[in-house]
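Subject: Handing over a structure

Hi there,

Here is the structure I promised to pass on to you. Have a look at it first, and then read on for what turned up.

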Amino acid sequence: MKISTTLTILAAVTYGSAQTNINPQDALRLAAKNRRSLQAAKLFLDESRAKSRALGAYASTVIGIGASTRSDVGATDGDLYLSQPIDLFGKRDANQRIGNAGVQLALATYFAVARDLQTEVLTAFAETSTARARSEVAGELLNVAERLFAATKRRFDEGNVAETQVTRASIELARAKQAKDLFASQYIRSLTRLASLLGTESNEITVEPDSDIRPPDAATFESRPDLLTLNAELQIAEAEIQSAKVSSRPDLSIQLVRTPWNNEPASFVGRAQLTWSIFDHGRLKNEGRAATLRAEGSKKSLADATALATKEAATAQMDVAAARIQHKSYEAILVSSKELVAKSQRGFAEGLGSQIDVLEATRALREIQQEIILAKQQLSLAVIAQYRACGFLSEVLK
């Protein structure tokens, strides 16, 4: 009895102290704000963008100055000069393509972290919503059991039923109390776990009882991490092919050169300088071939993964449709079951029905209510699986 009272008080404190009802989007928004794993992924993405800008930057302007202890040794027109490399042959563009592909790879990594977080949070939300619904149903069934016990006790006092029926009604009442305490404790545990995933306290939130996790509008795969990773690897390979092609091209620089220090009066002249490698012992050729093979492999991997993802998304959509049909069928049965319980209770209270009728109707209602809650949970889990299959990512996580 003490345990039952403690659980009831704990559940009441949890309900009463909860300040905010949250829906699935609110849960994801809290997770995006508080979870450090997502914040770290964002920082790594920003790092890759900075690296991309560095790779695509123009070549540095160079100033050179030098002098010898003897004016007749080492004095050249390099004593003082200003040099600016000019990219006429696409080397900077090739580096920029590699940098952009690196950003896409980092973006795929971010989406992988965000997708896993989304799945984890929504699954916990669905479990918590289910636990709260089951707790509320258990409370409703406790009210039914209390009314049945009161009616049975009254009819016993009137001498219309045997004492065994009072005993049975008291047993049903005790079972209903135990079920309510059990589901209340399960809700508290689920809410605590959800709060930890959101980076908040369980006494600050509670889930909305009728929140739905809506299926995505279409399977676009735009945020599916595995496909984004393969596509980024393909872009990197193609960028490396281009880089290998332009690496053998000349380097051009425009220079402003001063005459050597020992020449007076001093004068400044402009100079154009071309330099290039004439023999690299096959290095660029093999780098280009390796990048080409890598690109071909990436194309095949991407095509295969896309085909599998399409089938996976279609299967997930069928699972959602089946779960929705099952949930709707239970809703129709639930209406009839509630009517049956109300009629049987009224009949028993008026002496027109038996206690067995009430108990059987209540048992059927209990089973159907629990089944419809589980059916809704299965629908939510099917939608979450569809999110993963389609690569759908909530806007609050992007």
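Which residue's side chain does the side chain of Arg-224 join in a polar contact? The partner is Glu-312, at 3.1 Å. A polar contact here is a pair of N or O atoms within 3.5 Å; within protein, one must be able to donate a hydrogen and the other to accept it, and residues adjacent in sequence count only if both atoms are side-chain atoms.

Before going further, some background: this is a predicted model, where local features need pLDDT of at least 70 and side-chain atom pairs count only at pLDDT 80 or more, while totals for chains, interfaces and linings use all residues. Residues are numbered from 1 along each chain as its sequence is written, and side-chain values use heavy atoms, with hydrogens and water left out.

Two loop residues

Arg-224 sits in the loop between strand S4 (205–207) and helix H6 (225–247). Helices (H or I, at least four residues) and strands (E, at least two) are DSSP runs, numbered from the N terminus. Arg-224 counts as buried, at 7% relative accessibility. His-281, in the loop between S6 and helix H7 (283–349), is exposed, with a relative accessible area of 67%. For these words, buried means under 20% relative accessible area, exposed over 50%, and partly exposed in between (1.4 Å probe, protein chains only). The phi of His-281 is near 60°, a positive value in a residue other than glycine. Most residues other than glycine have a negative phi.

The sheet

An open sheet is formed by 4 strands in the order S2-S3-S5-S6, with antiparallel pairing. Its edge strands, each pairing on one side only, are strand S2 (62–65) and strand S6 (268–275). Two strands pair if DSSP finds at least two bridges between them. S2 is joined by 4 bridges to strand S3 (residues 80–86), and Ile-65 stands opposite Leu-80 in S3.

Pockets and a cavity

On a 1 Å grid over the protein atoms alone, a cavity is a set of points where a 1.4 Å probe fits but cannot get out, and a pocket is an open set with protein on both sides within 12 Å along at least five of seven lines; lining residues have an atom within 4 Å of a point. Grid points are joined across faces, edges and corners, and a volume is the space filled by probe spheres set on the points.

The largest pocket has a volume of about 460 Å³. Of its 22 lining residues, the closest to the centre are Ala-133, Pro-209, Asp-210, Ile-373 and Lys-376. H4, H7 and H8 each give two or more residues to this lining, and H4 gives the most, with 8 residues.

The second largest pocket holds about 400 Å³ of space. Its lining has 24 residues, with Gln-25, Arg-214, Pro-215, Tyr-387 and Phe-392 nearest its centre. Here the largest share, 3 residues, comes from H2.

There is also 1 cavity of 30 Å³ or more, with about 50 Å³ of space in the largest cavity. Two or more residues of its lining come from each of helix H4 (91–157), helix H5 (163–198) and helix H8 (355–390). Among the lining residues are Leu-141, Glu-172 and Arg-366.

Happy exploring!
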